[in-house]
Amino acid sequence: MPGSLMLSDEDRAMLNGRRGEGAGFAMRILVRAAEAMGAGRLLDVSSAHIDGCLYHGRAGLDFARRLVDGGAEVSVPTTLNVSSLDLLHPGLVRLDRGTAAEARELMDAYLAMRCRPTWTCAPYQLPERPALGEHVAWAESNAIVFANSVLGARTGRYGDFIDICCAVTGRAPAAGLHLDDERRARAVFRIERFPERLLMDEAAFAAIGHIVGRASGTAVPAIVGLPPSATEDQLKALGAAAASSGAVAMFHAVGVTPEAPTLEAATGDHAPAVDVSIDLTAMRAARDELSTVEVGAAAGSVSIGTPHCSAFELRRLAALVEGRRLAIPCYANTGRDVLAGVPGVAEALRRAGVTIVTDTCTYITPIIERAATPVVTNSGKWAWYAPGNLGFDVAFATLEECIDSAETGRLVRDRDAWGDG
Amino acid sequence: MAEATRVLVPGTASGPVVVLDEPLSFWGGFDPATGRLVDTHHPQVGAALGGCVLVMPAGRGSSSSSYVLAEAVRVGTAPVAVVLGESDPIVALGAIVAEELYGVGLPVVVATAPALVTGPRVTVRADADGTVELADG
């Protein structure tokens with residue numbers, strides 16, 4: 001709705017190039033996007049997380065160069081998402097030289113704008129993170145859903161291009177999940193009984209996230225019946241899966257996440273349009289929908305850490321692989337800052353034969369060889385995207401099932417844990 | 001012809017209609033090298049979307065979809081217009097950036113119940129003042 005967007009004097013000055021051509025270009029894109037969203041004004045953001053540093057072709061480079069050449073720099077603390085390369089472990093990524101050079105050029109362009117070289121999809125694992133109610137401009141679907149749901153910070157569903165425009169201008173459209181009313185749940189999911197054997201793992205959470213994503217449409221879902229013991233890693237797994245199978249940018253876990261002490265608090269005055277029960281049968285169906293091979297099939301490799309492993313997840317993995325012989329390659333994706341914080345764990349993982357991947361992820365760049373498929377993963381997100389992205393067969397499993405599969409070279413299923421009868 | 005509710009990105013374009021039954025994430029679901037739908041979970045996997053007027057209920061999933069759409073415009077494999085059942089800022093932004101970088105207009109409109117079926121050509125005219133016309137041919 002052109003014309004309904006009110007700009008501040010400062011916004012207007014930036015639009016007219018007072019802070020340089022690059023900032024002016026960023027403000028123009030932001031204004032056009034805000035108009036498309038129907039925003040009435042822009043608001044200040046205190047941090048940004050950039051997804052545009054992952055290479056998908058020259059368009060992203062053309063865009064970043066336009067900003068850099070115009071002298072644009074970020075005006076708020078800005079972290080960078082995964083890239084197409086692992087700078088700490090060169091040789092892991094098997095991109096052709098030309099693409100690798102352009103991917104590197106794209107990364108350098110974002111560094112030139114003074115973004116921090118964090119190269120992680122889990123910026124919420126870094127020490128400084130936004131507080132409840134704080135407005136931020138985060139891209140990367142799993143980071144968005146985590147910021148809104150678990151931290152209670154407020155970000156729209158930002159993506160490539162607008163992320164850096166918000167970072168440069170320090171502004172974001174006052175629309176969507178920045179606004180109180182838009183954060184209320186309009187879909188309700190009820191977990192009938194959370195499987196006890198899966199309480200300590202992420203897989204059931206990812207399976208629930210998968211179901212929620214499929215059925216929510218664009219509504220904010222509230223989930224009733226998640227265990228109060230749910231950890232940030234488990235909520236990460238749920239959100240990432242829901243943001244892959246659907247467009248979920250925020251969920252409420254009643255009794256767990258900060259804006260949902262009760263179902264009524266989560267829904268506000270809205271009568272939910274969707275009310276769905278999730279039982280163990282539905283969780284198994286989600287698990288199987290995320291798997292393209294059968295139990296017992298040969299497994300080619302294991303991939304953990306999509307989104308990036310936390311320090312706790314790395315420790316748990318190290319404990320599980322200790323003293324065991326892995327028959328197939330095992331990859332663990334994590335952030336370089338998290339890894340630097342646990343040098344002993346990293347050493348133990350390497351000793352056990354686990355390949356640590358930083359700065360990027362195994363589902364977006366060529367690391368795993370086709371010969372090393374099907375891939376067993378504990379990530380609903382990995383399992384959802386890999387068949388299309390990489391053309392690989394995949395099996396979704398708990399972390400323990402993943403490591404059992406790595407040891408035996410076959411897809412192992414703990415039938416008791418999932419209640420398969 | 002259709003009840004068009006909003007213009008997200010103005011422009012004019014013509015092409016054969018492709019109606020998707022489910023939302024599509026351009027990233028992970030569309031290959032800009034071939035212009036085809038590659039999401040193996042999508043019922044219309046394999047559909048050719050290059051040059052079409054793409055009609056879909058909503059966008060979905062990854063926040064990289066703007067980039068993939070802009071890249072598809074750059075290499076000439078993108079749809080020429082997108083008609084959404086629900087507003088999607090990520091799709092709109094891809095079109096906005098493509099226009100700013102490459103001067104190629106890709107109209108994006110929200111139309112709640114467009115009377116469009118896969119096959120026949122239509123022309124999408126989306127004006128900056130908010131009026132939308134979906135005409136045969």
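Me: What percentage of the 137 residues of chain B count as buried?
Reply: This is a predicted model. A residue is buried if 20 or more other C-beta atoms lie within 10 Å of its own. Of the 137 residues in chain B, the share that counts as buried is 54%.

Me: What is the radius of gyration of chain B?
Reply: Chain B holds three helices and nine strands. Its order along the sequence is β-β-α-β-β-β-α-β-α-β-β-β. The globule rule gives 14 Å for 137 residues, and chain B comes close to that, so it is as compact as a globular protein of that length. Its radius of gyration is 13 Å.

Me: In chain B, what percentage of contacts between residues at least 6 apart in sequence join residues at least 24 apart?
Reply: The C-alpha atoms of chain B fill a box of roughly 35 × 30 × 25 Å along the principal axes. Take the contacts in chain B between residues at least 6 apart in sequence. The share joining residues at least 24 apart is 74%.

Me: How many nonpolar residues are on the side of chain A that touches chain B?
Reply: The contact takes 36 residues from chain A and 33 residues from chain B. On the chain A side, the elements giving two or more residues are helices H2 (21-37), H3 (58-69), H5 (141-151), H8 (232-245) and H14 (380-389). That side has 11 polar residues and seven charged ones; the nonpolar count is 18.

Me: Which element gives the largest share of the side of domain 2 of chain A that touches domain 3 of chain A?
Reply: Chain A is divided into domain 1 (9-178), domain 2 (184-288) and domain 3 (290-418). The C-alpha centres of domains 2 and 3 of chain A lie 24 Å apart. Their contact takes 21 residues from domain 2 of chain A and 19 residues from domain 3 of chain A. The largest share of the domain 2 side, seven residues, comes from H8(A).

Me: How many of the 14 residues of H8(A) are buried?
Reply: H8(A) reaches 20 Å from its first C-alpha to its last, close to the 20 Å expected at 1.5 Å a residue. The helix is largely enclosed by the rest of the structure, because its buried residues number 13 of the 14.

Me: Is A:Leu5 buried or exposed?
Reply: A:Leu5 sits in the segment before helix H1 (9-15) of chain A. Beyond its neighbours within four places in sequence, its contacts include A:Val31, A:Ala34 and A:Ala39. A:Ala39 is 34 residues away in sequence, yet 6.2 Å away in space, C-alpha to C-alpha. With 20 other C-beta atoms within 10 Å, A:Leu5 is buried.

Me: What is the phi of A:Phe161, which is not a glycine?
Reply: Most residues other than glycine have a negative phi. A:Phe161 lies in the loop between H5 and helix H6 (162-169) of chain A. It counts as buried, with 34 C-beta neighbours inside 10 Å. Its phi is positive, about 85°.

Me: What is the phi of A:Glu140, which is not a glycine?
Reply: A:Glu140 lies in the loop between strand S4 (137-138) and H5 of chain A. It is buried, with 32 other C-beta atoms within 10 Å. Its phi is positive, about 80°.

Definitions and conventions. Residues numbered from 1 in each chain as written. Chains lettered and ligands numbered in written order. Predicted model: local features only at pLDDT ≥ 70, side-chain atom pairs only at ≥ 80, totals over all residues. Helix = DSSP H or I, 4+ residues; strand = E, 2+ residues; numbered from the N terminus. Buried ≥ 20, exposed ≤ 12 C-beta atoms within 10 Å, placed from the backbone. Contact = placed C-beta atoms within 7 Å. Rg over C-alpha atoms; globule rule 2.2 N^0.38 Å. Nonpolar A, V, L, I, M, F, W, Y, C, P; charged D, E, K, R; others polar. Domains from an automatic or database assignment. Expected span 1.5 Å × (residues − 1).
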